[in-house]
Amino acid sequence: MSSVLSTSSPTTPAPISSDSIVAKKYDRCLADLLVKSGIGFSVGVVISVLFFRRRAWPISFTTGIGAGIAYADCDRSFNPARIPGTRILPSSAVPKSS
């Protein structure tokens with residue numbers, strides 16, 4: 001058996017475009033919206049059947065809560081300054097490392 005050594009130079013990763021970053025965030029937000037609204041819908045159906053004699057308002061209420069939580073998470077992913085306790089410092093205030 002012969003062993004072949006590859007002498008490839010270390011490759012630098014290709015830069016990620018801002019369009020793909022935004023697209024990934026939107027995809028994540030849409031998936032989060034579908035999952036959380038679906039969970040809210042399921043919980044609403046169970047609550048409606050067990051406690052409220054098959055009324056429609058618990059389903060609408062819990063689905064809206066799920067959608068609202070997903071919206072808040074998506075808002076935080078696009079605007080990190082809205083995360084409680086986060087401070088955005090100007091570039092002049094950040095100490096530069098040597």
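1. A contact, in this note, is a pair of residues with heavy atoms within 4.5 Å. Counting contacts with a separation of 6 or more in the protein chain, 47% come from residues 24 or more positions apart. That gives a starting point for reading the model.

2. Some housekeeping before going on. This is a predicted model, where local features need pLDDT of at least 70 and side-chain atom pairs count only at pLDDT 80 or more, while totals for chains, interfaces and linings use all residues. Residues are numbered from 1 along each chain as its sequence is written, and side-chain values use heavy atoms, with hydrogens and water left out.

3. The overall layout is quick to describe: the protein chain has two helices and zero strands. Helices here are DSSP runs of H or I with at least four residues, strands are runs of E with at least two, and numbering starts at the N terminus. Of the 98 residues in the protein chain, 10% are buried. For the burial words, buried is under 20% relative accessible area, exposed is over 50%, and partly exposed is in between, with a 1.4 Å probe and protein chains only. The accessible surface of the chain is about 8400 Å², and carbon and sulfur atoms hold 65% of that. Those areas come from the Shrake-Rupley method with a 1.4 Å probe, and for residues only the protein chains shown count as cover.

4. Now the salt bridges, of which the structure holds three. The term stands for a side-chain nitrogen of Lys or Arg within 4 Å of a carboxyl oxygen of Asp or Glu. D32, K36, D73 and R76 are linked in a network of these bridges. K36 and D32 are separated by about one helical turn because they sit four residues apart in α1.

5. Which residue does K36 meet in a salt bridge at 2.4 Å, N to O? The partner is D73. R76 and D73 both belong to helix α2 and are three residues apart, about one turn of the helix.

6. K36 is partly exposed at 24% relative accessibility, and D32 is partly exposed at 22%. D73 is partly exposed too, at 26%, and R76 is partly exposed at 35%.

7. The aromatic rings are worth a look as well: a search of the whole structure finds two aromatic pairs. One of them is Y26 with F78, a tilted pair at 4.9 Å centre to centre and 45 degrees between the planes. Y26 is in helix α1 and F78 in helix α2, 52 residues apart, so to speak a link between distant parts of the chain. Rings of Phe, Tyr and Trp (its six-membered ring) pair if their centres lie within 6.5 Å; planes under 30 degrees apart are stacked, over 60 edge-to-face, and the rest tilted. Y26 is exposed at 52% relative accessibility, while F78 is partly exposed at 33%.8. Next, the loop between α1 and α2, where R53 and R54 are found. Most residues other than glycine have a negative phi, and most peptide bonds are trans. R53 has a positive phi near 50 degrees without being a glycine, and R54 has a positive phi of about 60 degrees, again without being a glycine. R53 is exposed at 72% relative accessibility, and R54 is exposed at 67%.

8. There is also a nonpolar patch on the surface, with about 1100 Å² of accessible area together; its residues include F41, V45, F51, W57 and I69. The elements giving two or more residues to the patch are α1 (18-51) and α2 (57-78). Which helix gives the largest share? It is α1, with six residues. W57 lies in helix α2. Patches are made of residues with over 30% relative accessible area and no salt bridge, joining like charges within 9 Å and nonpolar side chains (Val, Leu, Ile, Met, Phe, Trp, Tyr) within 5 Å.

9. Last, the record. An unreviewed UniProt entry lists residues 33-52 as "transmembrane region". UniProt positions are given in the numbering used here, feature names are shortened, and annotations may be inferred rather than shown by experiment. In the model, residues 33-52 are 95% helix and 0% strand, with the end C-alpha atoms 26 Å apart.
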